[in-house]
Structure formats: C-alpha cells, structure tokens
Amino acid sequence: MVRAGGNGGQGGFAARSAGRSRRRSGLFSTGEFDEQENWGGSQRAVRNVKQEKGLLRRGAIYTPAFAPCAGASVARAAPGPRCDGREHDHALPIIRSLLRVPAIMTTNRTVLLWASFLTLIAAGVGFAIRGGVLAEWGTEFGFTQTELGTITGGGLIGFGFVIIFFSSFADQIGYKPLMILAFLLHVLSAIVTLAAGPVFESFGKDATYWTLYVGMFMFAVANGICETVINPLVATLYPTQKTHYLNILHAGWPGGLIVGGLLAFCFVGESPAITHLRWEIPMAFFLVPTLAYGFMFLKEAFPHSEAKAAGVSFGEMLQEFAAPLLLFLFVLHAMVGYVELGTDSWITNIMDNVFPNGILVLVYTSTLMFILRFFAGPIVERINPIGLLFVSAVLACIGLYGLGSNWATTFAPVIVAATIYGVGKTFFWPTMLGVVGERFPKGGALTMGFMGGIGMLSAGFLGGPGIGYQQDRFAAEELRATAPPEVYESFLSADKNRFLFFEPVAGLNAAKLGEIKELPADELTEDQKLVLAASTFGGRKALRYTAVVPFMMAIGYLILVIYFRAKGGYKVEVLHGKEPDGERYTGGVEGPVE
C-alpha cells in the first residue's frame with residue numbers, strides 16, 4: 001500500500017484534485033483529471049494515478065465509495081475539502097474513487113436526471129387527464145362524486161404505500177431493476193384502465209368501478225416506485241447541489257400537469273378546443289413519456305445510493321423516527337398531501353361548474369409551479385425553509401378560500417385567487433423534503449420516502465374522498481333547501497357514501513347531472529338550473545372547507561418558527577465535516593456505478 005501524508009502526498013493530491021475540479025464545474029469538468037495541471041502532487045502519486053487509470057479502463061478495479069479522510073471509515077468518507085491531509089492508509093481508494101466517479105457524473109448523470117424528470121412528466125400527464133375525464137366517467141358509468149373521489153384516491157394510496165415499502169430496501173435491490181418494474185407497471189396500468197368500457201358493457205357498474213380503481217392503483221404503484229428511486233438518485237448524482245437539482249426534478253410534476261391539462265383542454269370535456277375524443281385516447285397519452293424514460297433508463301448505468309455509499313446502517317435510519325420533530329413534520333406533510341394533491345384531483349371538476357374549461361385553472365397554477373420550482377433553487381436555499389413554508393400555507397389558505405367564494409365567478413377574480421393558491425402550494429412538497437434531508441440526514445432515503453408516502457396516503461385516503469364527500473353533502477343539502485321535494489328525490493343518488501366517521505350522505509346522481517350539463521343554457525328548466533346551482537354550491541363550499549387545512553398548517557409552521565428561534569435559529573445537521581455552503585443538502589457523497 002502506498003502511504004500518503006502532508007500536502008505533497010497522495011491524500012493532499014486527492015483532496016486538492018476534488019476541490020479544484022468542483023470549483024471549475026460544480027463537480028468535475030471532464031471525465032478524467034488534467035494531469036498537466038499543477039496540483040502540487042508528487043511524481044509518485046501521478047504515476048500511481050496513471051496506473052489506476054489503466055486498470056479502470058480494463059475493468060480491473062471497482063471501488064465501493066469515496067475513501068475516508070481524517071481517520072473516518074471507508075464507507076463514511078466524503079471527497080474534497082473535508083480531507084485534511086493527515087497521514088492515513090487510504091490514498092489509493094481515494095484516487096480510485098476520484099477516477100471512478102467522474103465517468104458516471106459526466107457521461108450519464110444528465111441522462112439519468114432527465115429520465116427521472118420524464119417519470120414525473122408521465123405521472124403529471126396521467127393525473128391531469130384523469131381529472132379532466134372524471135365527469136365523463138360519472139356520466140358514462142353513473143358514479144357519484146364520492147365514488148369518483150375514491151377512484152382517484154386509489155391513484156394516490158398505492159403511490160404512498162409503495163414509496164414507504166420500497167424505500168426500506170431500495171439500496172439492496174438497486175435502482176435499475178426498480179425502474180424497469182415501474183415501466184412495466186405503467187404500461188400494464190394503461191391496459192387495465194382502457195378496459196373499463198368493455199367491462200361496463202359486460203359486467204356493469206361495480207366491475208367497472210374496480211377496473212378503474214385497480215388501473216389507477218397500478219398507475220400509482222408505478223409512480224411510487226419512480227419516486228422511491230429518483231429522489232435519492234438525483235441527490236447522489238448532484239451531491240453538492242441537491243436543493244437546486246431536486247427543485248428541477250420536481251418541476252417535472254407541474255410540467256406533466258401542464259401537458260396533460262392542455263391535452264384535456266383540447267380533447268376532453270363538453271366543449272374541447274379542438275375536438276372531443278373518447279376518454280380512452282387522452283388517457284393513453286402518458287405512455288409517450290413512459291416509453292421515453294423506459295428507453296433512457298434501460299441503457300444507462302446507475303450509481304449506488306447516498307446512504308449505501310455513506311455507510312449508514314438501516315438501524316441508524318430507523319433511530320431517526322424517534323425524533324418528535326420528525327413525527328410533527330410527518331403530520332404537517334399529511335396536510336400538504338391533502339391540500340396539494342387532494343385539491344388538484346378535484347379542481348378541474350369543481351371549476352368546470354364556474355366557467356367553461358376549468359382545466360385551465362390547473363394548467364395555470366401548474367405553470368406557476370413549474371417556473372418557480374425550475375428556477376427558484378437558489379431562492380429556496382437562501383430563505384429560511386420554515387418561514388417559507390409558513391408564508392406558503394397562508395397564501396394557500398387565502399387562495400383556496402378565494403376560489404370557493406361567491407365572488408370568484410368571472411375570469412379575473414378566478415385568476416387572482418388561483419395565482420395566490422398556485423404560489424402558495426408551489427414550495428410545499430420539495431421544501432418539506434428539504435427540511436427532512438437537512439435536519440435528519442441519517443434517515444437518508446428512508447425518511448424522505450416516508451415523508452412522500454405519508455403525503456400520498458393522506459391525499460388518497462383523505463384528500464380525494466374527503467373533498468368528494470364534502471361536495472356530495474353540500475350539494476345535496478343545497479338542493480334539498482332550494483328545490484321542490486320531487487326534484488330533490490329524482491336527482492338524488494340511490495347509494496349513500498361514507499367518509500371516516502361522518503354521517504353517510506347520498507350525493508347527486510352524476511349521470512343525470514351530466515345530462516343537464518350537456519344542454520344549452522337557454523334550454524334549461526328552472527328545476528334543472530336549481531340542480532346545477534346546487535352542484536356549483538357544493539364544489540365551492542368544499543374548497544372553502546379545504547382552506548381550513550392550510551390554516552392549520554400555518555399554525556404548525558408558526559410553532560416551528562418559534563421552536564427554532566428558541567434554539568438559536570434553524571440549523572442544518574451534518575453527518576460529517578463542516579456545514580455546507582450554497583445549494584446542497586447534507587451528508588452527501590458521490591456513489592459508484594452499479
């Protein structure tokens with residue numbers, strides 16, 4: 001073993017190499033070191049580097065992770081400035097790692113980033129178009145709002161369970177097999193969902209309900225597997241710029257909502273901009289980005305995760321869950337899932353009652369999210385994240401209440417309220433992940449996976465069904481109060497729906513309501529106008545009640561602001577070394593290629 005010591009040894013050589021290379025290009029400027037640059041390394045070190053290069057090219061060397069500095073274990077090492085030049089026995093592992101990592105970082109990390117981005121595009125397209133076709137499902141198959149909400153909830157429940165489940169052992173399985181499984185499930189979910197029409201003709205409403213539920217559940221499972229992989233994957237690929245690139249990654253979700261929303265605007269609903277297509281055709285559009293990401297992932301090598309490279313044991317990850325602060329963040333993120341995803345599941349359906357093409361409200365708020373998330377990485381880094389979350393919760397509360405108010409009936413007021421709501425919800429999800437990553441770095445993918453899973457489970461179990469239940473309840477109560485009893489009875493659904501411990505309610509019959517919506521306004525009878533008014537009232541009041549959730553979130557974030565102020569301010573926890581500067585989470589080390 002060649003020993004290294006002092007500034008002229010291999011330890012100093014490796015440390016300065018990594019540091020200077022990162023300063024040039026954020027990590028490394030090329031796939032190999034420029035050996036002609038004067039780094040102060042000894043000739044012996046350079047000769048060994050050349051020997052290691054030759055072995056690497058022939059595939060003779062495989063290094064598990066960056067080697068340690070200052071006496072740390074091999075698994076826990078971090079590159080670059082954390083090396084202090086003291087004598088140790090790990091010079092060659094350092095050099096091996098420094099030579100090994102640039103290949104993955106410079107040749108395919110961009111491909112892996114954009115393939116990960118496309119997984120969220122696929123999820124967003126499917127989510128947005130599903131929101132656009134809910135009314136058609138209700139009309140064609142006779143579903144109530146609660147039943148439709150449960151179907152959309154199935155598209156989130158599976159997401160949440162899968163993130164939690166696979167986060168527990170993703171490191172052992174490896175990223176690539178999981179992404180292949182996600183690709184296959186995405187394709188299979190499309191096949192099952194598109195079979196709903198023939199199933200309805202052969203087996204009726206109940207079988208169709210379960211067909212759509214299973215199809216949405218499979219779609220969610222695929223999305224959940226993707227989410228399990230792409231967050232730690234991007235964190236590993238960009239260890240010194242995590243906040244920035246995680247924000248870019250999560251811009252894919254609103255990007256997919258924009259694409260899916262515009263497709264729905266053009267081809268879905270009562271008055272599409274171009275032409276009406278059977279719902280099966282636009283629902284299959286998400287297969288385009290799915291096929292793209294499947295091809296890109298199939299041909300690329302993947303790095304190991306940060307947690308595996310840093311040597312954090314599963315037991316150490318589990319210990320993080322005993323922290324009261326983390327449990328409190330889980331509760332707050334459950335509210336985030338309810339507000340952001342639960343509301344977005346319904347916003348198109350609700351706003352269609354206010355003015356034509358309500359899908360444009362979703363497109364508009366998603367555009368705001370896309371722009372702010374894509375370009376606001378440095379902004380998120382420079383603002384105290386808890387303060388940002390508090391402001392976001394206040395804005396989301398105001399915006400949601402505005403969208404549900406009686407004054408939001410024309411274009412201008414709706415846009416004002418939607419802007420406030422859109423800005424408010426933009427930073428919830430990635431900033432909450434950032435707080436967990438910064439405060440609980442030992443939790444790695446497990447704590448981040450649980451955070452995302454809880455948000456999805458909340459949206460699936462509570463957000464989608466809960467907002468649907470509220471619409472059924474408030475619309476039925478309004479129709480009973482304003483319409484003759486015979487009209488109320490004739491438009492009431494035969495089945496009652498339950499939500500948690502609340503009283504069962506019978507909502508309006510979606511099939512009959514859909515028939516009324518298709519009639520020209522000048523042909524509507526007074527009774528039919530009362531039915532439409534009751535439906536609109538139910539949707540608006542549901543949004544006003546939903547605004548209570550971000551109000552509670554604002555209180556929770558305010559408690560955290562006070563808590564951190566009492567402890568001397570919000571601080572980043574680090575696994576080793578000094579606190580990071582700039583756009584990065586903590587505890588990150590580059591991972592080797594699988």
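The legends below describe an overview and several close-up views of one predicted model.

Residues are numbered from 1 along each chain as its sequence is written, and side-chain values rest on heavy atoms, with hydrogens and water left out. Because the model is predicted, local features need pLDDT of at least 70 and side-chain atom pairs count only at pLDDT 80 or more, whereas totals for chains, interfaces and linings use all residues.

**Overview. The protein chain has 26 helices and zero strands.** Helices (H or I, at least four residues) and strands (E, at least two) are DSSP runs numbered from the N terminus. Of the 594 residues, 60% count as buried, where buried means under 20% relative accessible area, exposed over 50% and partly exposed in between (1.4 Å probe, protein chains only).

**View 1. His 333 in helix 16 (residues 324-351).** His 333 counts as buried because its relative accessible area is 0%. Apart from neighbours within four places in sequence, His 333 is in contact (heavy atoms within 4.5 Å) with Trp 429, Met 432, Met 451, Gly 452 and Gly 455.

**View 2. A salt bridge between Arg 373 and Glu 340.** The closest N and O atoms of this pair are 3.5 Å apart, a salt bridge being a side-chain nitrogen of Lys or Arg within 4 Å of a carboxyl oxygen of Asp or Glu. The pair links distant parts of the chain, since Arg 373 lies in helix 17 (residues 359-375) and Glu 340 in helix 16, 33 residues apart. Both Arg 373 and Glu 340 are buried.

**View 3. A nonpolar surface patch of about 460 Å².** Val 548, Phe 551, Met 552, Ile 555 and Ile 559 make this patch. Patches are made of residues with over 30% relative accessible area and no salt bridge, like charges being joined within 9 Å and nonpolar side chains (Val, Leu, Ile, Met, Phe, Trp, Tyr) within 5 Å; accessible areas come from the Shrake-Rupley method with a 1.4 Å probe, and for residues only the protein chains shown count as cover. Ile 559, in helix 26 (residues 548-566), counts as partly exposed because its relative accessibility is 46%.
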